[in-house]
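Here is a brief report on a predicted model. It covers a set of paired strands, a helix and a chain contact.

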Amino acid sequence: MGNFVDFRNVDLAYDEEGGNAIEDVSMSIGESEFVAIVGPSGCGKSTFMKLVSGLRPPTRGTVEVAGREVGGPLKIVGMAFQNATLLPWRTTLDNVLLPLEIVQPYRANFKHKRGEYAERARALLETVGLQGNEGKFPWQLSGGMQQRASICRALVHEPKLLLLDEPFAALDAFTREELWCVLRDLWTLQKFTVVLVTHDLREAVFLADTVYVMSKRPGKILLRKEISIPRPRDLEVTYNDGFIKTVHELREHIGRIRKS
Amino acid sequence: MARKRTLETWAPWMALGIILVVWEVICRGLGISEFIFPGPWSIVLSLREFAGPIAGHAWQTFWTTMVGFAIGIAVGVGLGFIIGSSRFMYNALYPLMVGFNSIPKAAFVPVLVVWFGIGTVPAILTAFIICFFPITVNVATGLATMEPELEDVLRALGASRMDVLIKVGMPRSLPYFFASLKVSITLAFVGSVVSETVAANEGIGYLMMSAGSQMRMPLVFAGLIVISVMAMVMYEFFAILEKRMTGWATRSMNGP
């Protein structure tokens, strides 16, 4: 497992007065590793996403992705957020196809191969259980379905790196657990690298290979914990003693941060 | 239920009918002179009597308004695009625009007359300057209020500024744009008629002015009614167009 994402002593300040949003972050993420980042709110988790995706350059230090220093938007990235941010004037299928209209090499031959791409998008929608909804508009879908579509949109151009910023935070508990499994299955199938930002510790432990705990602003990495629960993991796992103990342990760390 | 529906659709017509009857009764009952405040019936009579000239003037007003409105759309969309797509331009131009908009446009007509003489051109230009502002503001708002996450999704894929504007910004600002058309078309009529009353030999504004100076009040009121009907028809036209083009924006409100 070579290093796919490499942070070396990274600081990022949005403006000069505000101080650093994250500070002295060093971490390595292996290829097709599933990483979760947890921490109290406002700890710079989202900042982290902007750095990895190349939307912002670090103030200090270097960020390398796939062996190259990040100097601008990386086209091998897919992103999904807490809000599904689907375009209401496009059907679900067209929403999922959007990245292919923008990212090369798909963009160049999008018109020719539209049928082929649509087929791919359909297959992807089917893996998340959205078959039959391709022609519906986002506002005709429930919140959970919108989020599934949003994840499909993040994956349709077969990115090497999937960035998820609290993607399940706005959903009810049952839908959330359902989508954990959807994400787990997609990841098992395609083996992309995932960085999941969340403040749900159970979610982090259930899904990730490695969990990082970040401190309050300025965000620093306080703890790196490898989750040794064997895969494939089933939802049942979340009721095991080992699982609960791990969650507790992380919970204690977060509690300490909040108090300090 | 169905009966309630039909009642609702007829409600505005019934209200109109009641107003007309009350109006007529007041005028006749109090014996108000036609030269001061004509009743609906005498207005109808003068509409019929002068149907030919009224139609000619109405056409003049209609096409000058539409030309001014078309220029207003072009300039309004262009400016809105510039202001909405760049923070810098927004900061630079928005205060100026607000300042310009607070000038009473009627006060601008004499200036236009000095520049372009009496007639159609000032009417077109007045219609234009009075109607482009709402379009600009709405298009700019539609572009400027894009969700930052969505922009991130696309930018991370290497989308250029233009890509983001075309794929997201423009469709997103369409409902705002169509909403502004409804407001602007009525304003455009105000502009052209104001200009015609001051400086023209043609058009409904001119007709009302000259009829007024001859104390033919029923004809003045007939002009008013013709303008309001034209403005209402165009408003309705753009309202229907809005519904057809951007149904997704209104339907999403009562979606799940």
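Val35(A) stands opposite Thr210(A), a residue of strand β9 in chain A. Thr210(A) also stands opposite Glu226(A) in β10(A).

β9(A) spans residues 210-214, and four of its five residues are buried. Its two partners are set out below.

| Partner of β9(A) | Residues | Sense | Bridges |
|---|---|---|---|
| β3(A) | 34-38 | parallel | four |
| β10(A) | 221-226 | antiparallel | five |

A hairpin of six residues links β9(A) to β10(A).

**A helix in chain B**

Helix α9 of chain B covers residues 204-213. Which of its residues are buried? They are Ile204(B), Gly205(B), Tyr206(B), Leu207(B), Met208(B) and Ala211(B). After α9(B) comes Met215(B), with a positive phi near 60°.

**Where the chains touch**

In chain B, 21 residues are in contact with 23 residues of chain A. On the chain B side, the elements giving two or more residues are α7 (148-156), α8 and α11 (247-251). The largest share comes from α7(B), with seven residues. By type, the chain B side has eleven nonpolar, three polar and seven charged residues.

Note on methods:
Residues are numbered from 1 along each chain as its sequence is written. Chains are lettered from A and ligands numbered from 1 in the order in which they are written. This is a predicted model: local features need pLDDT of at least 70, side-chain atom pairs count only at pLDDT 80 or more; totals for chains, interfaces and linings use all residues. A residue is buried if 20 or more other C-beta atoms lie within 10 Å of its own, exposed if 12 or fewer, and partly exposed in between; C-beta atoms are placed from the backbone. Two residues are in contact if their C-beta atoms, placed from the backbone, lie within 7 Å. Ala, Val, Leu, Ile, Met, Phe, Trp, Tyr, Cys and Pro count as nonpolar, Asp, Glu, Lys and Arg as charged, and the others, Gly among them, as polar. Two strands pair if DSSP finds at least two bridges between them.
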